[in-house]
Every structure is written in C-alpha cells, then in structure tokens.
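User: I have a model open here and would like to talk through it with you. Could we begin with the pocket and see where that leads?

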Amino acid sequence: TCSVISAIGANTGSTNFYNQTKGEAEELLQNLRLDSLRLFRPSLLHGERGEFRLKETVGFIVLTIMSPVLQGTWKKYRAIHVEQVAKAMYESAQQDFPSVQVFESDEIQRL
C-alpha cells in the first residue's frame, strides 16, 4: 500500500500551478500501476509548524469561521488537522480498496 498526501483540487489541467503539479504527481504515481495506491487530498492542513506562515494562519481562521456554512459539496473545503489525515491514512491501510482510491478532505474526516 502506497499512501500519498496530495492536495484538494489536484488536477493536471488546473490553472493553479500548485494544483497542477499535485495532479501531475498523482498521474505519475497512477502510471506505476501499484497494487494499492491511496491518494489523500486534504484541504488546508492545520497543525504545529516550525515557522509562522501568515497566509496559512489567515486561511485557517477564515475557514474555521466559515466552517458552519461549508455544508454538502463545500464540506471538503473545511480546514483539517494533520492528525486527522495521519489517522485516516493508517485506518485506510487496514482496509481493502480498489487499486487506486482517492480520499477527498471530507472523506478523510470520516475515516
């Protein structure tokens, strides 16, 4: 099982360079034809950092305030704690999934 943290919005056709790069990385991994590939696409990650990042801090505050209105298909944009992602990666490794399984941020929160 190969589990990889990618990013919400990962897409080779994205106009956003970061999302495009993440999409390309996902595509390259899928081309390896691994027996089991788990791609995790979390929203903004929240956790301890060695340095202060203003944009991440502002983004986290905004997403936290908006969290109650981020429902339905928008729920996946809620900020997620790094520990939740790690737990989901561990839990998914204990289960059988198709050869390639993508977990969006809201699915990661449910694992």
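User: What kinds of residues make up the lining of the largest pocket?

Analyst: Bearing in mind that this is a predicted model, the lining of the largest pocket divides into 7 nonpolar, 4 polar and 3 charged residues.

User: And what volume does the largest pocket have?

Analyst: Its volume comes to about 330 Å³, and of the 14 residues that line this pocket, Ala7, Tyr18, Pro42, Ser43 and Leu44 are the closest to its centre.

User: Which element gives the largest share of the lining?

Analyst: That is helix α1, residues 17-31, which contributes 3 residues to the lining of the largest pocket.

User: Let me pick out Ser43. Where is it found, and is it buried or exposed?

Analyst: Ser43 sits in the loop between β2 and β3, and it counts as buried because its relative accessibility is 10%, where the cut-off for buried is under 20%.

User: What is Ser43 in contact with, leaving aside its neighbours in sequence?

Analyst: Once the residues within four places in sequence are set aside, Ser43 is in contact with Ile8, Leu63, Lys76, Tyr77, Arg78, Ala79, Ile80 and Ser105.

User: Back to α1, then. How does its span compare with what it should be?

Analyst: With 15 residues at 1.5 Å a residue, α1 should span 21 Å, and the C-alpha atoms at its ends are 21 Å apart, which agrees.

User: Which residues of α1 are buried?

Analyst: Asn19, Gly23 and Glu26 are the buried residues of α1; seen down the helix axis they fall within an arc of 60°, so they line one face of the helix. What covers them includes β2, whereas Phe17 and Leu28 are exposed on the other side of α1.

User: Changing topic, what about the span of α3?

Analyst: Helix α3 runs over residues 82-93, and its 12 residues should span 16 Å at 1.5 Å a residue; the end C-alpha atoms are 17 Å apart, which agrees.

User: Which residues of α3 are buried, and where do they lie around the axis?

Analyst: Val85, Ala88, Met89 and Ser92 are buried in α3, and they cover an arc of only 100° around the axis, which puts them on the same side of the helix. The face turned away from that buried side carries Glu83 and Tyr90, which are exposed.

User: What covers the buried residues of α3?

Analyst: The covering elements include the strands β1 (2-5), β2 (37-41), β3 (45-46), β4 (80-81) and β5 (100-104), together with helix α4 (105-110).

Technical notes: Residues numbered from 1 in each chain as written. Predicted model: local features only at pLDDT ≥ 70, side-chain atom pairs only at ≥ 80, totals over all residues. Heavy atoms only, no water. Helix = DSSP H or I, 4+ residues; strand = E, 2+ residues; numbered from the N terminus. Expected span 1.5 Å × (residues − 1). Buried < 20%, exposed > 50% of the residue type's maximum accessible area, 1.4 Å probe, protein only. Arc of directions from axis to C-beta. Contact = heavy atoms within 4.5 Å. 1 Å grid on protein atoms, 1.4 Å probe; cavity = no way out; pocket = protein on both sides within 12 Å on 5 of 7 lines; lining within 4 Å. Points joined across faces, edges and corners; volume = space filled by probe spheres on them. Nonpolar A, V, L, I, M, F, W, Y, C, P; charged D, E, K, R; others polar.
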